[in-house]
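Please look at the structure before reading on.

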Amino acid sequence: MIEIQNLTKRYGHIKAVENISFTVQKGEILGFLGPNGAGKTTTMRVLTGYFPPTEGTVKVAGFNITEKPLDVKKRIGYLPENVALYKDMRVVDYLKFVGRVEGIKRSAKLKQQVGNVIERCGIGDMQKRIIGKLSKGYRQRVGLAQALLGEPEVLILDEPTVGLDPKQIVEIRKLIKELGGERTVILSTHILPEVQMICERVIIINEGKIAAIDTPDNLNRQLSKQLVVLMEIEGDPQKIVSVLENVDGVMEVKQKRKGKVKQFEVITRPDKDIRKDLAQAVFENQLTLYELRTVEMSLEEIFLKLVTREEHHA
Amino acid sequence: MLNSTPIFKKEIGSYFLSPIAYVVITMFLILSGYFFYSSVAYYSLISMQAMQNPYMVSGLNLTEGLISPFFANIGIIAMLIIPMLTMRLFAEEKKSGTVELLFTYPLRDMDILMGKFFAASVVYLVPIAVTAVYIIFIRTLTELPIGPILAGYLGLLLMGEAFIALGIFISSTTENQIIAAIITFGLLLLLWVIGWAANFTGPVFGKILNELSLVRHFDNFSKGVIDIKDVVFYLLFTFYCLFLTCRVIESKRWRG
């Protein structure tokens with residue numbers, strides 16, 4: 001659905017995005033993750049046809065953005081980061097305007113589509129209000145509603161949940177999940193659990209370059225170069241450490257908490273699951289095991305790791 | 001084919017939903033009404049004097065004495081008012097950030113530009129049309145040749161479009177509405193009086209300056225003369241400004 005090849009965008013001498021390539025399948029929900037100024041918004045703006053790429057090609061549904069901008073723009077719904085809408089218009093009038101711009105000519109169809117997106121985004125009570133008077137959350141939803149008008153095949157959402165209250169965030173996430181499948185969705189965010197929750201694939205972007213592309217699960221797996229097992233054991237700490245260290249596959253044992261029941265962090269090689277061996281070693285040495293669980297590295301940690309690693313290279 | 005209707009409707013909406021259109025139209029009508037009243041009062045004073053002095057009567061002429069100054073005055077008001085109409089067209093969108101969505105809608109630059117141009121034209125033409133009431137009022141009192149009046153209105157239409165085109169062009173180059181208004185007004189005024197320098201800049205350069213003058217081309221219209229040269233001047237001026245605007249919008253994009 002979307003093909004980006006060797007995309008570079010420069011502002012004067014400043015390179016915002018450098019040599020990015022990726023493709024997005026139809027119906028996929030792709031997450032864009034990166035620190036501020038990483039090039040997320042720039043990439044999205046090129047995709048929407050707001051400005052052309054300096055180098056490289058961008059194709060949406062087979063249409064090249066520089067050659068057939070109108071065909072691309074017709075297929076894209078865009079929610080910008082700072083949802084700047086016409087403040088002096090009423091919600092429903094604004095949506096009708098967008099509908100007409102998107103090429104809905106017949107007034108019956110326009111009315112029906114506008115009604116549809118109003119209902120979908122839960123802004124029915126606000127439709128007669130002036131946009132400038134709406135709260136941030138509702139403005140965000142109006143922004144989403146206008147992106148949905150014209151039934152675009154691709155949705156590009158730049159930080160769609162920023163500024164919403166927790167309940168609204170849950171609702172919008174649900175909506176985005178629903179939209180995926182029928183539509184291709186690209187969204188950028190700072191909130192990492194959000195990516196894990198709604199995205200099928202993640203692109204981590206840093207300093208204008210792609211740091212990683214994969215599913216959230218794979219990223220978790222790939223990047224955890226080690227598996228951490230947390231154990232709570234009662235007994236002599238020195239004995240415990242020596243017992244655990246003797247198990248095959250253990251790289252390091254660290255005591256985390258003192259007291260009657262001690263907590264240990266056991267770092268193991270990820271290629272083999274040795275939880276069974278660890279438990280067996282504890283029992284065989286007449287120690288009492290209270291808890292044994294693996295600690296997964298959160299996407300947050302992976303993200304930090306990737307981004308800081310990139311910085312080391314630079 | 002041009003797809004300007006949605007933008008046109010939206011711009012008309014924001015002119016008339018906000019006080020801008022009403023303020024502009026009201027000020028326009030107050031000023032033109034006052035100017036019209038003064039010219040009528042002055043003309044009737046001259047007529048009174050002419051009744052005592054038969055020699056003056058031959059020089060007395062409604063077209064030259066009333067209609068021509070009337071159109072010249074409206075031209076000046078248009079120069080004052082149009083920068084206020086056009087200043088927001090692109091500058092406001094840029095300042096508030098609405099350009100981002102605007103330029104990602106399936107519209108060509110031309111569609112957006114012409115929608116805005118026609119909307120501003122309509123707001124300008126409303127008070128112009130209302131001034132016809134003054135003419136109708138005079139016609140109930142006396143015989144008035146209709147030809148010069150139509151020529152005058154054609155002149156106002158063409159000159160107004162040229163002003164609006166220049167205003168849009170300036171508005172597209174800045175995101176500050178006040179700067180857009182001041183530069184537009186300054187350029188209009190400069191082009192209005194540029195002919196003044198013609199008297200002392202030599203024959204060739206002087207002629208060029210004279211032809212550049214916005215008011216010189218309008219003089220003929222307000223006297224009731226439609227010269228193809230003047231029509232072409234205003235049309236070219238309008239098209240050139242619109243063309244430049246298109247270029248500016250385009251360049252803003254690739255410059256990011």
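Contact here means heavy atoms within 4.5 Å. By that rule, 25 residues of chain A and 25 residues of chain B take part. This is a predicted model: local features need pLDDT of at least 70, side-chain atom pairs count only at pLDDT 80 or more, and totals for chains, interfaces and linings use all residues. Side-chain values use heavy atoms, without hydrogens and water.

Buried area is the accessible area (1.4 Å probe) that two parts lose on being put together, summed over both. Chains A and B bury about 2400 Å² between them, with 65% of it on carbon and sulfur atoms. A:Tyr50, A:Tyr86 and A:Val101 supply 26% of the area that chain A buries against chain B, more than any other three residues.

The count between the chains is one salt bridge (a side-chain nitrogen of Lys or Arg within 4 Å of a carboxyl oxygen of Asp or Glu). A:Arg45 pairs with B:Glu100, and their closest N and O atoms are 2.8 Å apart.

Helices (H or I, at least four residues) and strands (E, at least two) are DSSP runs, numbered from the N terminus. These elements of chain A each give two or more residues to the side that touches chain B:

| Element | Residues |
|---|---|
| β1(A) | 2-11 |
| α1(A) | 40-48 |
| α2(A) | 69-74 |
| α3(A) | 91-101 |

The largest share, five residues, comes from α3(A).

Now the strands. β9(A) and β10(A) run antiparallel, joined by five bridges; pairing needs at least two DSSP bridges. A:Ile205 stands opposite A:Ile210. The two strands form a hairpin with two residues between them, and A:Glu207 in the turn has a positive phi of about 50°.

Methods: Residues numbered from 1 in each chain as written. Chains lettered and ligands numbered in written order.
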